[in-house]
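Subject: Structure for your review

Dear colleague,

Please find below the structure that I am handing over to you.

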Amino acid sequence: MIVTHGEQMHCLIWKHGFKTDVFVGTALVDMYAKCDDMSSAERVFDEMPERRLISWNSMIVGFLQNKFYDRAVGVFKELLRESSDSPDQVSCSSVLSACANMSGLEFGRQVHGVAAKHGLVTLAYVKNSLMDMYCKCGLFSDAVELFQTIGDSDVVTWNVMIVGCVCNDNFEEACNYFWVMRRKDISPDEASYSSVLHASASLAALDQGTLIHDQIIKTGFIKNACIASSLVTMYAKCGCLGDASQVFEEIEDRNVVCWTAMIAACQQHGCANQVIELFEEMLGEGVKPDYITFVSVLSACSYAGLVEDGFLYFDSMTKVHGMNPGPEHYACMADLLGRAGRLDEAKRFIESMPIKPDSSVWGAMLGACRNYGNVKMGREVAEILFELEPENPGNYVLLSNMYARNGMLKEADEVRRMMRVSGVRKEPGCSWIDVKNTTFVFTVHDRSHPRTDEIYGMLKKLEKLVKKKGYEPETQFAINSVEGYKEHNLWHHSEKLALAFGLLALPVGAPIRIKKNLRTCGDCHTVMKLASEIFEREIIVRDINRFHRFINGLCSCGDYW
């Protein structure tokens with residue numbers, strides 16, 4: 001919107017004496033709001049001698065669209081206090097959206113009461129906004145209750161529920177809502193497909209994602225850049241980088257979201273050179289990178305040990321692209337230096353940051369201290385993290401493991417005792433694998449599977465085969481095991497059990513895709529490499545940090561992760 005033309009019209013309105021006309025004043029408020037000039041919109045509104053409900057709504061909607069959510073709520077309150085007009089569905093749905101975006105549950109409930117008082121709850125706009133507010137404020141059950149009372153629900157209503165499930169990490173339910181919507185012959189739109197693809201990606205549910213891809217092709221949405229970007233992300237997070245790349249290549253008009261999705265995909269799979277090639281190609285086509293693009297590029301440099309390239313791109317953020325680095329970018333740079341073993345330099349970098357370093361920055365530093373066995377610095381960093389995020393078990397576990405690996409068992413036990421006293425619990429490690437549309441979950445020493453005897457038999461076979469290849473157990477990764485049982489316990493890690501089951505249950509030659517909720521350990525990493533060579537299988541492990549793609553005895557991370 002070009003505000004200059006509107007300002008010229010505003011002058012003509014004054015000149016010809018229309019400044020007191022309520023309809024003209026409302027149009028001016030709407031114009032300034034849509035031109036992102038809320039101060040001028042507010043000034044016109046304050047000078048209006050008479051206001052109608054549409055005038056109040058223009059201000060509420062204007063503040064909402066410009067992300068001044070608290071101001072939108074404030075104008076709604078003034079409407080209730082000062083106007084003789086009752087709020088309508090525009091007033092209520094807009095202020096509910098503001099409440100949803102600012103997590104204003106308490107006032108959102110009050111608006112629910114106002115809407116009920118004026119008989120607005122049955123209207124689609126209001127009901128959808130109420131459901132959205134409850135979803136985003138963490139009361140998903142209230143949203144479901146409202147949803148179940150709706151007679152004829154449209155695609156927006158279903159989208160609210162799908163997005164609500166995603167916001168509450170209920171990804172399986174999001175997929176269920178999508179398929180129920182399809183069975184009711186309601187045609188999905190861009191938001192439907194993007195949201196359910198996000199859910200599929202979060203579950204790493206490849207079968208689910210490919211079914212949705214089929215629907216996208218059938219309904220003609222394949223050329224939509226937003227949906228195509230979501231497809232790239234889905235395939236990447238399901239471990240199919242080749243399919244992600246194919247979708248990307250077929251996108252005709254690529255915007256920054258498309259480029260960033262593909263760059264992030266390559267970064268997650270450890271393809272640092274591809275990340276840099278894509279980034280340079282994107283710049284060559286005149287597409288301006290955004291905040292997330294740089295996070296992926298800097299992270300790729302970090303995981304590949306490209307220190308000079310990393311600093312070159314980091315400096316270009318401000319010098320070339322006029323963008324201020326955020327906490328994630330600084331965390332990448334601290335990680336970049338830390339992974340390269342330049343711990344003192346990394347610590348100085350953090351201390352010189354123009355913004356206060358958060359837990360992501362110090363967490364990267366603690367990981368580097370663990371990798372290089374710098375116990376003294378690790379202890380200092382961990383103490384900072386204990387203050388910043390006292391309930392995060394990962395920091396305690398990292399420090400405890402660091403002590404244990406350096407023979408400081410008394411100190412390691414003390415950290416574990418601190419965890420118990422503070423009520424902090426480590427998340428149990430688990431791995432899962434999909435076979436014939438069924439997900440099988442394994443924990444350490446798991447014996448719950450019907451084919452347990454076969455699985456442990458395969459593990460014994462695998463152990464013999466990898467030892468012939470020169471495998472030596474890395475017992476430092478069996479932190480909590482009694483000395484004589486360390487090697488035995490290593491072979492019962494959840495990802496090894498999932499691998500054994502995959503070798504048994506999947507067709508010969510088919511890729512084995514394993515997901516893990518924690519960082520994979522070094523010993524399992526070594527076994528996966530050897531297994532990929534022995535069985536001539538592609539093995540893809542998605543842990544909490546990244547993908548490891550094992551082919552012919554090598555990993556995509558280059559053993560640098």
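How do the axes of helix H7 (residues 105-117) and H8 cross, and within what distance do they come? In this predicted model, the two axes cross at roughly 160° and come within 10 Å. An angle over 145 degrees counts as roughly antiparallel, and H7 and H8 are therefore roughly antiparallel to each other. The crossing in which H7 passes H8 is left-handed. On the H7 side, the residues that meet H8 are Leu105, Gly108, Arg109, His112 and Ala115. Their partners in H8 are Val126, Leu130, Met133 and Tyr134. Sorted by class, the contact of H7 with H8 comprises six nonpolar residues, two polar residues and one charged residue.

Helix H8 (residues 124-136) also packs against helix H9 (residues 140-148), with axes that come within 7 Å and cross at roughly 160°. H8 is therefore roughly antiparallel to H9. Here, too, H8 passes its partner H9 in a left-handed crossing. From H8, the contact draws on Lys127, Leu130, Met131, Tyr134 and Cys135. These residues meet Phe140, Asp142, Ala143, Leu146 and Phe147 in H9. The contact of H8 with H9 holds eight nonpolar and two charged residues, with no polar ones.

The axes of helix H20 (residues 327-339) and helix H21 (residues 343-351) cross at roughly 160° and come within 7 Å. This angle makes H20 roughly antiparallel to H21. The crossing of H20 and H21 is right-handed, whereas H8 passes H9 in a left-handed one. H20 contributes Tyr330, Met333, Ala334, Leu337 and Gly338 to the contact, and H21 contributes Leu343, Glu345, Ala346, Phe349 and Ile350. The contact of H20 with H21 divides into eight nonpolar residues, one polar residue and one charged residue.

Several helices take part: H10 (155-167), H12 (190-203), H14 (225-237), H16 (256-268) and H18 (291-304) each supply at least two lining residues. Of these, H16 gives the most to the lining of this pocket, with eight residues. By class, the lining of the second largest pocket has 12 nonpolar, 10 polar and two charged residues.

The largest cavity contains about 40 Å³ of space. Its lining is formed by Phe442, Asp446, Arg447, Ser448, His449, Thr452, Ile455, Tyr456 and Leu497. Helix H26 (residues 452-468) provides the largest share of that lining, namely three residues. The lining of the largest cavity includes four nonpolar, three polar and two charged residues.

With kind regards

Technical notes. Residues are numbered from 1 along each chain as its sequence is written. This is a predicted model: local features need pLDDT of at least 70, side-chain atom pairs count only at pLDDT 80 or more; totals for chains, interfaces and linings use all residues. Side-chain values use heavy atoms; hydrogens and water are left out. Axes are lines fitted to C-alpha atoms, for helices over the stretch in contact, and angles run from 0 to 180 degrees between N-to-C directions. Helices (H or I, at least four residues) and strands (E, at least two) are DSSP runs, numbered from the N terminus. Angles under 35 degrees count as roughly parallel, over 145 as roughly antiparallel, 65 to 115 as roughly perpendicular and the rest as oblique. A crossing is left-handed if the near helix is turned anticlockwise from the far one by less than a right angle, and right-handed if clockwise. Contact means heavy atoms within 4.5 Å. Ala, Val, Leu, Ile, Met, Phe, Trp, Tyr, Cys and Pro count as nonpolar, Asp, Glu, Lys and Arg as charged, and the others, Gly among them, as polar. On a 1 Å grid over the protein atoms alone, a cavity is a set of points where a 1.4 Å probe fits but cannot get out, and a pocket is an open set with protein on both sides within 12 Å along at least five of seven lines; lining residues have an atom within 4 Å of a point. Grid points are joined across faces, edges and corners, and a volume is the space filled by probe spheres set on the points.
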